[in-house]
Amino acid sequence: MTAPLLEVKDLTMHFPIRSRGIIPRTVGHVKAVDGVSFTINAGQALGLVGESGSGKSTTGRLITRLYEPTSGQILFEGTDIARSSARELKPLRRDIQMIFQDPYTSLNPRHTVGEIIGAPLEIHKLVPKEGRLRRIQELLEIVGLNPEHYNRYPHEFSGGQRQRIGIARALTMSPKLLVADEPVSALDVSIQAQIINLMKDLQREMNIAFLFIAHDLAIVRHFCPQVAVMYLGKIVENAPREELYSNPKHAYTQSLLSAVPDMRQAVVGGRRERIRYTHDVEASAASTAANTAAAQPSA
Amino acid sequence: MTRPFLSVENLVVHFPTSDGIVRATDGLSYTLEPGKTLGIVGESGSGKSVSSSAILGLHRNTSAQVSGQIWLDGEDLLSLSDKEMQQRRGKDVAMIFQDPLSALHPYYTIGNQVAEAYRVHNDVSKKAARTRTIEMLDRVGIPNPQLRVDDYPHQFSGGMRQRAMIAMALINDPELLIADEPTTALDVTVQAQILDLLQDLQREFNTALIMITHDLGVIAEVADDVLVMYAGRAVEYGSTRQLLTAPAMPYTLGLIQSVPDLSSDVNEPLRPIPGNPPSLLDPPRGCAFAPRCTFKHLVDPPNLPDEVMPELEEIAPGHLRRCHLKEHDLSKLIPLAAEKVEEPA
Amino acid sequence: MLAFIIRRILVGVVMVVVMIFVVFSLFFANGNPAINQCGRYCTPEKLAEITGLLGYDKSIPEQFGAFTAGLVVGRDFPVNDEYRQALIDNGFENRIIHCAAPCLGYSQSDQKTVNQLLVKAAGPTLSLAVVSFTIWIIFGVLIGVLAAVFKGRWLDRIVVGSTLVVYALPVFVIGTFFLQYVAIKWQLYPYPRFEPLREPADILPWLTGILLPALTLALFFMAAYVRYTRAFVLESLSEDYIRTARAKGLPERTVLFKHGLRAALTPLVTLAGLDFASLLAGAIITESVFNYQGMGALAVKANNNQDLPVLIGLVIVGATAVIVMNIIVDILYAYIDPRVRVSK
């Protein structure tokens, strides 16, 4: 029985709330991530769904160590990286990479596509200079772009193509784990499917594990055999997809699923029954989201 | 024959730019009756938002060139003077927008902005406007409206903000409400609440509702009829049930196939529509969708889609589509679909 | 909101204290101030007089201590105890200068306390600052709004072009033009002379006297503010809430002024506050052209005489003005933009 690629144990991230009195004091904490545990095996995709304020994006950033967790363990290939220093993390950055949501703002508009994709090659110096261009062109081809376009700038590409560039950049160092934070939400519907298919192919061919963070339950279901549902910083349910979608156990999961607009409704007609989750989802999620946003270090 | 309540006829909206003329909408026509919901589906560049903004006259005094007719309750809105249109805007026809955070002024309270919508069309005192505002905020489901009326937009959650926008739009009992992607920026549970709210209010006030969205699930839940737009034109129109169960135009079919839902087969790859939407600066001469169509090769003569723009024709009562294919039932053609579509250079 | 204000004021006070210390250190880093002030025709007696009068022979921390003590409780000059004793012994007690708090020092060349000099110079400087500020804000914002509304049309093009030209013209060119041509040669305007404002009856002569130099300064800033306002209003008009305002059926002027301009105010307020503060420290060139004895002229004279106490006093006043204006701007900003006020 092989060890899991990523094992997260009791991960917490508390952002301090500073009072705005005459002398600012820490009056409390926003528990953005409050004791989260899950595992991901090599080559496997885990979906993380939730609404705003659930903590799913913060979790993704903790895994890639863009933040340092308040407590808990992040075991990558057996080593706890939760409190590693920047120097210790550097070789790990090859193995864990992130794909971001907005293809329009996550690429530096002043760099050519070749520079963007080649940046990790420069930083980690594993590939000699002569080989870099070839690797860049290889990557462009893998993601379905024209390898001759490495000298173009991001604004010369469409949204879907830019997202492909972002994916190529993440693949440069052949990572073992990709954290995809809402990778298709900002794209047109017909393009979303292209990117999802691409990621699925890459996962299969390169045996990459995924942490797929999204709010779109249908897309997550399509991509991930295992899905975890987050609510107010905690995982309320974590199950294989067939089970979660056909037989959800937690009331919040049930209310989420009943809210997803369904094309089959057109055939059935009328309005569907919505399951209301009694905890005031909106109010507490809103205050969590607002506090998280206000309390985060300049992110 | 009486005209329908809302009748958009041959609407054309062009924007002259330094790169050329952007043909945002060309020859768009559709109708709507009170109490009914028309869903307009399209992606970016389809012209769905631009054409709907034309109904409100938001293109007046800009560089846009607008022509055609928009009949609302017996009046052609495009023929009205600016002042007459301004009097109808927000009163007879209202609009709610996608992102309620940026759509509301951050420096004024919600109460101020909602009451403003009421006072510009009704000669009432500030006090009366405030009372009506609180009434509307309550009607749209905002708890403690008498307290929250003095809060600022950033103090509301996303769903509450959108409710406030709906209150603002409906405060004058408009006959037509246009909702431009009203739930795209919201969480799914909140989206469901907002859609339910809109439907309740529509039932209560018998408002005609245009729901613009790219989400076919929302269309399925809310719309009676659907208009599918591509590259500035209507490409299919019919009842929701008809279009979603048996689409007659390859783009509609492509949209339906490319979106997974909660019951689709996870082992099958999604079927995206290959390629990218066309530029509106230089639209193709023939069928705008042809470069991406997997059924193109089934058309006879083979060069027809590239040369000639198909007309919008009625293939069944109330079902129109714009396509060169002879076959209406696309499910028969699916096995014949091309595997790959040649990408334009 | 109150906590916000109090906190800003406390921080401001701390900044003033730190700034005084920094200013003090900077000036003393430039060699022995007594020698610099003594000037070209220095004699040992004169040097001793200056040193004893102003206490330059003490150590720097001692001098700083005496200076801050003077700010709080006032101090006496000459600093040197023996000199003071000598004056008392010889019956010249009335020659001891009692400088009341907050004492900024004593000017040996002018034989007055720095405070007295500053008060006298404040009149022209304040008048100049207030009048030119009023002119440039009112006209700058109005013209900027017009340019934004008519963007691309001939009005806008004229405005954009002319502001560039005006901004490029040096202040002394504009000032000299007003003085030499408008006032003197063409006799279009009475010769500008500063008339102090002490009672309401003085208003008209005061305004007449200050208008030309105020206009000189105002033109320069107006050019900038027209462009700022135009840019901020254009940016504000492209925001989504403007579309919402129009969709509600608001008349265009309400959209423009209530919704569009208000959003442009915040950056304008920030800029205006800082620019006004810089004027409070004195407009050297304008005062020089029109020969107004404001703080700018005082600074030039003090620099020529190497009159250190005056220079220190001027810097402190100027820096304090900036700090105070910063606080005011912050408070105004929070008033205009409710998002900044967020407490809890």
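This is a predicted model: local features need pLDDT of at least 70, side-chain atom pairs count only at pLDDT 80 or more; totals for chains, interfaces and linings use all residues.
Good morning. Let me start with chain A. Its 299 residues include 45% that count as buried. Chain A holds eleven helices and ten strands. If we take the contacts in chain A between residues at least 6 apart in sequence, 67% of them join residues at least 24 apart.

One helix of chain A deserves attention, namely helix H1, residues 56-63. How many of its eight residues are buried? Eight of the eight are buried, so helix H1 of chain A is largely enclosed by the rest of the structure. A residue counts as buried here if 20 or more other C-beta atoms lie within 10 Å of its own. The buried residues of H1(A) include A:Lys56 and A:Arg61 as well as A:Leu62 and A:Ile63. Just after H1(A) comes A:Arg65, which takes a positive phi of about 60°.

I now move to chain B and its sheet. Eight strands of chain B form an open sheet with mixed pairing, in the order S6-S7-S8-S3-S9-S10-S12-S11. Which strands lie at the edges? They are S6 and strand S11 (312-316) of chain B, each of which pairs on one side only. From one strand to the next, the twist averages 20°.

Within this sheet, please look at strand S3 (residues 37-41) and strand S8 (residues 208-213) of chain B, which pair in the parallel sense over five bridges. In this pair, B:Thr37 stands opposite B:Leu209 in S8(B).

Finally, the contacts between chains. Chain B gives 36 residues to its contact with chain A, and chain A gives 33 residues. On the chain B side, the elements that give two or more residues are helices H8 (188-205), H9 (216-222), H10 (240-245) and H11 (250-258). That side of chain B divides into 16 nonpolar, 13 polar and seven charged residues.

Chain B also touches chain C, with 24 residues of chain B in contact with 18 residues of chain C. Here the elements of chain B that give two or more residues are helix H2 (82-88), strand S6 (93-96), helix H3 (100-103) and helix H4 (110-119). The residues on this side of chain B are 13 nonpolar, seven polar and four charged.

Thank you for your attention.

Notes: Residues are numbered from 1 along each chain as its sequence is written. Chains are lettered from A and ligands numbered from 1 in the order in which they are written. Two residues are in contact if their C-beta atoms, placed from the backbone, lie within 7 Å. Helices (H or I, at least four residues) and strands (E, at least two) are DSSP runs, numbered from the N terminus. Ala, Val, Leu, Ile, Met, Phe, Trp, Tyr, Cys and Pro count as nonpolar, Asp, Glu, Lys and Arg as charged, and the others, Gly among them, as polar. A residue is buried if 20 or more other C-beta atoms lie within 10 Å of its own, exposed if 12 or fewer, and partly exposed in between; C-beta atoms are placed from the backbone. Two strands pair if DSSP finds at least two bridges between them. Axes are lines fitted to C-alpha atoms, for helices over the stretch in contact, and angles run from 0 to 180 degrees between N-to-C directions.
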